[in-house]
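Q: I've got a structure open and I'd like to learn how to read a few of its features. Can you walk me through them?

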Amino acid sequence: MGKKVKKEVEPPPKDVFDPLLIESKTAATVVLMLSSPEEEVLAKACDALYKFASKDDVKKLLRELDVTNSLISRLAPEEDVVIHEFATLCLAHMAVEHTTKVHIFEQGGLEPLIRLLGSPDPDVQKNSVECIYLLVQDFQSCAAVRGLNVIPPLLELLKSEYPVIQLLALKTLEVISKDTETRITLGENKGLECLLKILETNEFSDLHVEALAVLGNCLEDVHALQLLQQTGGLKKLLSFVEVSTVTDIQKNTAKAIAKAAYDSEIRKILNEEEVEKSLINLLKIDNDGVKVAASQAISAMCENSATKRAFGLQGIPQLVQLLNSDSEEVKEAAVTALANLTTASPGNASAVAEAEGIQPLVNTLNAQRDQAIANAATTLTNLATQELFRVTIQGCSVMRALAEPLRSTNSQVQSKAAFAVAAFGCDADARTELRNAGGLQPLVELLHSKNAEVRRNACLAVTVCASDEVTAVELCRLGALDILEEINLSIGRRNKFSEAALENLYDNNLSQKYSQRGYLSSSNIITDGFYDCGQIKPGVKFLSLEELSMQELTDRRAIIFINAKPREDVLAVEEKAQDSSYEQTPLSPALSRKSSREKTRRGKGKKEEEKMKEVTEIMSKVQDLENSHWLPPPDFILLDYINDASKAVLPLTTTREQVVALAQFVANKMGGSIERDKLHDFNWELHISEIEFELKRNIVPIGKVKKGTFYHRALLFKVIADRIGIGCSLVRGEYNRAWNEVELVDDSPQGIAGLLLPPQEYIVDLMFEPGFLMKQGSAEADQYKHI
């Protein structure tokens, strides 16, 4: 491994040995030669060691021989400049490795190296500054040079006639100026002016990039930036960057601005110097790296409200154009800037729309980068706060585009996409689009997320999307209800949105709410399509009415459903069935359009028994048509009930009178009043079974029920009350019990005229004394519920 080293000694004085030729094949011998008092021996030894050190396989050996200590000892002022040259050269070569850096630092090598920056020999200067540059890559050395007054000699080297020395000095300054105190020292020693002078000198163009790198660090320091501003240096810097044709200069300056702009005081100074104009101009440069850096700087500067306004008019159109870039990195940086610009800024949101940015933003939801997708969703959400833009965005199929981001594995994309769904889900058509695009399934899956923000935004989106029955039912089918029930049992995962989502799902899926909770409030308005399938047991899947319709006729509890659609609506369904999906199905004459209309007209003058026969016939025929997609048959009898009750009840002057009259009306339609001791003789079960057998299904329209017990009557009362505007709740009890609760204001006590008393809650008797009102909590009320 050793290398043969020859050393020829000059003729000594006559009182010493004649010239002696020294040869060595080992590095250890050459290291020993460093202890020689003879300068030429030292020079030859250093030269040999440098040549050794240039080979990677001997660096380890040199470290083991602790050559660094010997080399550092030869940096003393009294040593000859040739010794300095070769010693620094050797140290610089060895300082490439981390272990040697540590050794040089620990053995006190920094101070003599810094001193040698002032050497009259340019080779020593070059070797010393190169070694220092390598050493300060290590944090210990970087921190140590601060106290060794390294700034003045480094600035002095910037005046060197040798570009390599200037370059190494700038590189060293760039590393150490990341430290705040070093930047202050740099300013105190007029280093900023020195750097600006380099930028203003064309012949130093090869140093401009490095000089800007140092100034870029200084931009992060408020004091240094203020000094630059006061001397006009900041304006010079920005002007220089704008007119420069070197893209690296423009890119690096923009990056420096982006990094510095996270400080509020610095943002203020940059805004005062109109940095926005410079950044907007950089967006026009035909270089993707510059565009990315400028966009990132704009994003950082957006924390300043004045900057937001400044970018609005000119910067936003430029950024919108970048959304169409072929570069995914450019697209990502541009949309991130737009997201920041439009946050809490309606004016900038309008500027995006005016720049025709809506469609490109929707397109960006399909970008390849997660950050781009997330920020596109954020920007669209910001625009959606204005109804005009929200409608426009919905017209661009935004919900279909959001379906895929909902499936992302990136939590930020998931969160922003879910929040965007919440922003646009207030529109019925948008909910339908999301449903058809398969977006509800991934939305429900996000409820399982371990990320609190994702889970919260998913809950918010479910809350909004559950605003219509069709979507709410689908969300429940996908398991949203069960997941939300589980979340709300957890103190750690529960939030106000999870609670609201659960309530909204229930309130727009009343059939399941009544089945699982056994309660509908006065605000839960029963509409067509509602069905009562009884109390469902925990863990049992809640089936849709269509699923229930496909089951065979059994002896289990009948499912009572509500469908009081007007006759003309039913006829429209029949016509649609004949004209479209059922055009292949042969129709009987009884179901032709003409005969259907005739039947409807004739039915108005028939007795109730004849009406029932007609309804049964229509129901049977409609079911024959609906082979592939079952629809609940019409209930014209219920429709007549509602119309008749409206005429009889609404003219009454007080709510109490209306409640009593409606109770009596319902009881009359369901078999009349029943004596308490003869309740067991009221064969309602047989009557219901006969209807089921007649219909060949367990599903029974409530209008067909002529002998109804507690839960039939309470349901009918609630249905009619909801249609004619009487507020009441529906409560399920045990053993086929159910009842209605109403709130009524009692008359003021005598002698206290004009006193407004709080409403009292009453239970309505529909069985024994129809119309009798029992105060909630009274013995009569308790007996009615439990007897």
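Predicted model: local features only at pLDDT ≥ 70, side-chain atom pairs only at ≥ 80, totals over all residues.

Q: What is phi of Glu356 near?

A: Here's the general idea: most residues other than glycine have a negative phi. Glu356 isn't glycine, yet its phi is positive, near 60 degrees. Lys696 also has a positive phi near 60 degrees; you'll find Lys696 in the loop between α42 (684-695) and β6.

Q: Is Lys696 buried or exposed?

A: Exposed means over 50% relative accessible area. Lys696 has 63%, so it counts as exposed. Glu356 is exposed too, at 65%.

Q: How do α19 and α21 pack?

A: Two packed helices are described by the angle between their axes and the distance between the axes. For α19 (residues 275-282) and α21 (residues 305-322), the angle is about 15 degrees and the axes are 10 Å apart. That makes the two helices roughly parallel, and their crossing is right-handed.

Q: Which residues of α19 meet α21?

A: Glu276, Leu279 and Ile280 do, and among their counterparts in α21 are Phe311 and Gln314.

Q: What is the order of the strands in the open sheet?

A: The three strands run β4-β5-β6, with mixed pairing. β4 (531-532) and β6 (699-701) each have a single partner strand, so one side of each is left without a neighbour in the sheet. β4 pairs with β5 (residues 559-561) in the antiparallel sense over two bridges, and Asp532 has Ile560 as its bridge partner in β5.

Terms used. Residues numbered from 1 in each chain as written. Heavy atoms only, no water. Pairing = 2+ DSSP bridges. Helix = DSSP H or I, 4+ residues; strand = E, 2+ residues; numbered from the N terminus. Axes fitted to C-alpha atoms, helices over the stretch in contact; angles between N-to-C directions. Parallel < 35°, antiparallel > 145°, perpendicular 65-115°, else oblique. Left-handed = near helix turned anticlockwise from the far one by under 90°. Contact = heavy atoms within 4.5 Å. Buried < 20%, exposed > 50% of the residue type's maximum accessible area, 1.4 Å probe, protein only.
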